[in-house]
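Here is a short briefing for a first look at this structure. Keep the sequence and the model side by side as you read.

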Amino acid sequence: MRIDVVTIFPEYLDPLRQALLGRAIDRGLLTLDVHDLRAWTHDVHKAVDDSPYGGGPGMVMKPQVWGEALDELCASGTPRLVVPTPAGRPFTQAVAREYAAQPWLVFACGRYEGIDQRVLDDAARRMPVDEVSIGDYVLVGGEVAVMVMVEAVARLLPGVLGNPASAEQDSFSDGLLEGPSYTRPEVWRDLAVPDVLRSGNHGAIDRWRRDQALARTFHRRPDLLDALPEGALDKHDRAQ
Ligand SMILES: COc1ccc2nc(C(=O)O)sc2c1
């Protein structure tokens, strides 16, 4: 997978080159190229924003600069353009899986009050454009949202996670929240690991973990239970 990110703060994306993701990039499992939007300005001040038509607070990112950047970066093909914005559709694990199947993603990081809408409308003439939000809160810019999305997507790529089963068992993969996890010691500050996890009875362990996930989801995210596909809960699940 090829990932390009366009931003006025390229160094903001540096953490993506650390640890697991950094190793995956070094191993060629994905490429990550971060571009400074100001490289496509032509004035001495490298201006990327201007006042909004219709008035109102803040500034809007200029269409000309973005247009030239995307023209150059997307000249060789048809990536999916992903634009983080508070007004976007929710970024979910399902969207992460959808993106992980794409050969090429270009992320456009807005700042200020956002990017002139015509940039997205023009891009949509020649590539799929997705406006997405990572949550119901507003950030200062798109960079942090891009880091969240790149990590969520990259970890799904073959070979990135040491144990592929991790991606199948983590929260949201079966539509439920993950239950609690434990490791040694057996007792810590008089808190003991649940006996079933030390029983060696894998059927009972799997059942206990499923029940824990259902209970946690019911109490913390009942909306996820409502969203489960028909038949996702068996008779035992429904009896919980
Ligand atoms: C101007 O660019 C922004 C500003 C806030 C913001 N908030 C996001 C979110 O997903 O919450 S994406 C995003 C992009």
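A salt bridge here is a side-chain nitrogen of Lys or Arg within 4 Å of a carboxyl oxygen of Asp or Glu. By this rule the count comes to 18 salt bridges. The model is predicted.

**Salt bridges**

- Arg80 and Asp130 pair through their side chains, with N and O 3.0 Å apart. Arg80 lies in strand E5 (residues 80-90) and Asp130 in strand E7 (residues 129-133), so this bridge ties together parts that are 50 residues apart in sequence.
- Are the two partners buried or exposed? Arg80 is buried, because its relative accessible area of 15% is under the 20% cut-off. Asp130 is buried too, at 11%.
- Arg198 bridges to Asp195, and their closest N and O atoms are 3.0 Å apart. Arg198 is partly exposed, with a relative accessible area of 43%. Asp195 reaches 57%, so it counts as exposed.
- Asp234 and Arg207 also meet in a salt bridge, at 3.6 Å from N to O. Asp234 sits in the loop between helix H8 (222-226) and helix H9 (235-239), while Arg207 belongs to helix H7 (residues 202-220), so the pair links parts that are 27 residues apart in sequence.
- Asp234 is partly exposed at 35% relative accessible area. Arg207 is partly exposed at 23%.

**Helix H7**

- Does the length of H7 agree or disagree with what its residue count predicts? At 1.5 Å a residue, its 19 residues should span 27 Å. The end C-alpha atoms are 26 Å apart, which agrees.
- Buried residues in H7 are Ile205, Trp208, Asp211, Ala213, Leu214 and Thr217.

**Nonpolar cores**

- In soluble globular proteins, nonpolar side chains tend to be buried together.
- The largest nonpolar core has 29 residues. Within it, Val5, Phe91, Tyr99 and Phe107 touch the most other members.
- Several elements give two or more residues to this core: strand E1 (2-7), H1, helix H3 (93-100), E6 and H5. Which one gives the most? H5 does, with eight residues.
- Phe107 is one of the residues that touch the most other core members. Leaving out residues up to four places away in sequence, Phe107 touches Ile3, Asp4, Val5, Val6, Val82, Val146, Met149 and Val150.
- A second, separate core holds 22 residues, among them Val6, Leu70, Leu73 and Ala123. Val6 is also on the list of residues that Phe107 touches.

**Surface**

- Which residues make the nonpolar surface patch of about 420 Å²? They are Tyr12, Tyr137, Leu139, Val144 and Val148.
- Val148 is part of helix H5 (residues 143-154). At 39% relative accessibility, Val148 counts as partly exposed.

**Backbone details**

- Where is the cis peptide bond? It joins Arg184 and Pro185, with omega at about 5 degrees. Pro185 lies in the loop between helix H6 (164-169) and strand E8 (187-188).
- Ala19 has a positive phi, about 50 degrees, although it is not a glycine. Ala19 belongs to helix H1 (residues 19-26). At 55% relative accessibility, Ala19 counts as exposed.
- Tyr112 also has a positive phi without being a glycine, at about 60 degrees. Tyr112 is in the loop between strand E6 (104-108) and helix H4 (117-123). Its relative accessibility of 36% makes Tyr112 partly exposed.

Methods
Residues are numbered from 1 along each chain as its sequence is written. This is a predicted model: local features need pLDDT of at least 70, side-chain atom pairs count only at pLDDT 80 or more; totals for chains, interfaces and linings use all residues. Side-chain values use heavy atoms; hydrogens and water are left out. Helices (H or I, at least four residues) and strands (E, at least two) are DSSP runs, numbered from the N terminus. Buried means under 20% relative accessible area, exposed over 50%, partly exposed in between (1.4 Å probe, protein chains only). Patches are made of residues with over 30% relative accessible area and no salt bridge: like charges are joined within 9 Å, nonpolar side chains (Val, Leu, Ile, Met, Phe, Trp, Tyr) within 5 Å. Accessible areas come from the Shrake-Rupley method with a 1.4 Å probe; for residues, only the protein chains shown count as cover. A nonpolar core is a set of buried Ala, Val, Leu, Ile, Met, Phe, Trp, Tyr and Cys residues joined through side-chain atoms within 4.5 Å. Contact means heavy atoms within 4.5 Å. The expected span of a helix is 1.5 Å times one less than its number of residues.
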